[in-house]
Amino acid sequence: MTTKVTAAEIAAQKEFARRVRELNCAREEPPVAHVHSFGCQQNVSDGEKIKGMLADMGYGFSNTADGADLVLFNTCAVRENAEDRVFGNLGALKHNKKQKPDMLIGVCGCMVQQEHITERIKKSFPYVDMVFGTHVLHTLPQLVYEAMTTHKRQISIPQMDGVIAEGLPLRRESGLKASIPIMYGCNNFCTYCIVPYVRGRERSRDPEEIVSEARCLVEQGYKELLLLGQNVNSYGRGTDVNFPELLRRINAIPGEFKICYMSSHPKDATRELIDTIAECEKVTRHFPLPVQSGSSRILKLMNRSYTREHYLELINYAKERIPDVALTSDIIVGFPGETYEDFQETLSLIREVKYDSLFTFIYSPRKGTKAAEMPDPISQEEKGKWFRELLEVQQEIGCSSYHNYIGRTLRVLCEGPGRTRDGCLTGKSIQNIIVDFDGDKSLIGSFVDVKITDALNWALIGELVKEN
């Protein structure tokens, strides 16, 4: 059962925010906060809530920790290198704390939801003032107030299935693109993944709340809505609306905008979802479907709950129903027990599907997951060779896929300055592909038609189609 944070609890946090704001108003200079969110789009979205609450407490913001009165790292636990970066950044703050003893340092998010990480922070970083997990983000005002007034370390990491807190203040990073969390947590327990342990069980927001938020964003001029969840395809448990129906309801909102979503899981992807994407003109013609491996044997070890054959059935149906679909996926190389023959099955699947692009990773063990305890005889050097082989195969396929767009005219949301040459603009097409083109900066924030004239392995080049 989903637990919603009560209106009384939200009101109590607003009162703590008011008290912190009073303390900050008494300072000689307005306080400045530095917030750094690591990892996925869900963390970025949480970071916008963190900044919203801090703004409500009277903080301004800085892009650097130097000189900041409050530094907060919103962490990721998916891969080891993200954890290493957090510890490195925390170590560097020791000097800042000596220079400014009254500054507050906090660590929150997925990483600290793991007990061994919290213990390391307690022992190795005594100057950290606040450590709090994913389920108590909404209590930030209280944690800041207690840290400021008691000068005692605040640690809040309850072990629970998680909650939904509506009505938190937001400080969005963009006036053009907005993320909307539609659900939190995960029930899948893939053997390599720590997310269900740090984000809790699946819980879906009320569809009315989501559609209302989407409508308000469109009325404010936002042109891209990104629907977020650990597995959006399983949205709706506890409600009478599934994910395809939610897409249809948002698609029906008046206005010109596009709808994206992430992340998805093949076991919950359905023909109804694919039909909905085909029928809803505002939903991107982008079908992200992380496969992780092309070997059914490895998929079973990963506890992915589908086979290679089932996955290909979904992909082929998507190609049939959405002729202009762009296909992307995630691949893990070197999962424990994977052989070179298993890896070759992944390469053959990539060649069969012909993905537009891939997100590829070498397996990273996560303490507390089943995969971390599995025998893993293949060396990192050998896994690196497989990884490079995969990149070579995908680069050739991706280049060929992008060249197929040459001569076509694509609808593009212009987002800002481009990277391919001086003075050009960039945006993403309805297939979610980067497109660079020449045009006036006044086009930023609007949809334009671009005729594709060239292709790189990561972007398309085109020319603006002038309106008559």
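**Helix packing and buried positions in the predicted model**

Helices α1 and α5 are oblique to each other in this predicted model. Two packed helices are described by the angle between their axes and the distance between the axes. For α1 (residues 7-25) and α5 (residues 140-150), the axes come within 8 Å and cross at roughly 40°. The crossing of α1 past α5 is left-handed.

On the α1 side, the contact is formed by Gln13, Phe16, Ala17, Arg19, Val20, Leu23 and Asn24. These residues meet Leu140, Pro141, Gln142, Val144, Tyr145, Glu146, Met148 and Thr149 of α5. By residue class, the contact of α1 with α5 comprises nine nonpolar, four polar and two charged residues.

The loop between β6 (130-132) and α5 contains Gly133. This glycine has a relative accessibility of 2% and therefore counts as buried. Apart from residues up to four places away in sequence, Gly133 touches Gly109, Val112, Gln113, Ser156 and Ile157. Thr118 lies 15 residues from Gly133 in sequence, and the C-alpha atoms of the two are 9.6 Å apart.

Helix α13 spans residues 380-403, a run of 24 residues. From first to last C-alpha, α13 reaches 34 Å, close to the 34 Å expected at 1.5 Å a residue. Its buried residues are Lys383, Gly384, Trp386, Phe387, Leu390, Val393, Gln394, Ile397, Gly398, Ser401 and Tyr402. An α-helix has 3.6 residues a turn, so residues three or four places apart point the same way.

With neighbours within four places in sequence left aside, the contacts of Val435 are Val412, Leu425, Thr426, Gly427, Ser429, Val450, Ile452 and Leu460. Between Val435 and Ala455, which are 20 residues apart along the chain, the C-alpha separation is 9.1 Å.

Conventions: Residues are numbered from 1 along each chain as its sequence is written. This is a predicted model: local features need pLDDT of at least 70, side-chain atom pairs count only at pLDDT 80 or more; totals for chains, interfaces and linings use all residues. Side-chain values use heavy atoms; hydrogens and water are left out. Helices (H or I, at least four residues) and strands (E, at least two) are DSSP runs, numbered from the N terminus. The expected span of a helix is 1.5 Å times one less than its number of residues. Buried means under 20% relative accessible area, exposed over 50%, partly exposed in between (1.4 Å probe, protein chains only). Axes are lines fitted to C-alpha atoms, for helices over the stretch in contact, and angles run from 0 to 180 degrees between N-to-C directions. Angles under 35 degrees count as roughly parallel, over 145 as roughly antiparallel, 65 to 115 as roughly perpendicular and the rest as oblique. A crossing is left-handed if the near helix is turned anticlockwise from the far one by less than a right angle, and right-handed if clockwise. Contact means heavy atoms within 4.5 Å. Ala, Val, Leu, Ile, Met, Phe, Trp, Tyr, Cys and Pro count as nonpolar, Asp, Glu, Lys and Arg as charged, and the others, Gly among them, as polar.
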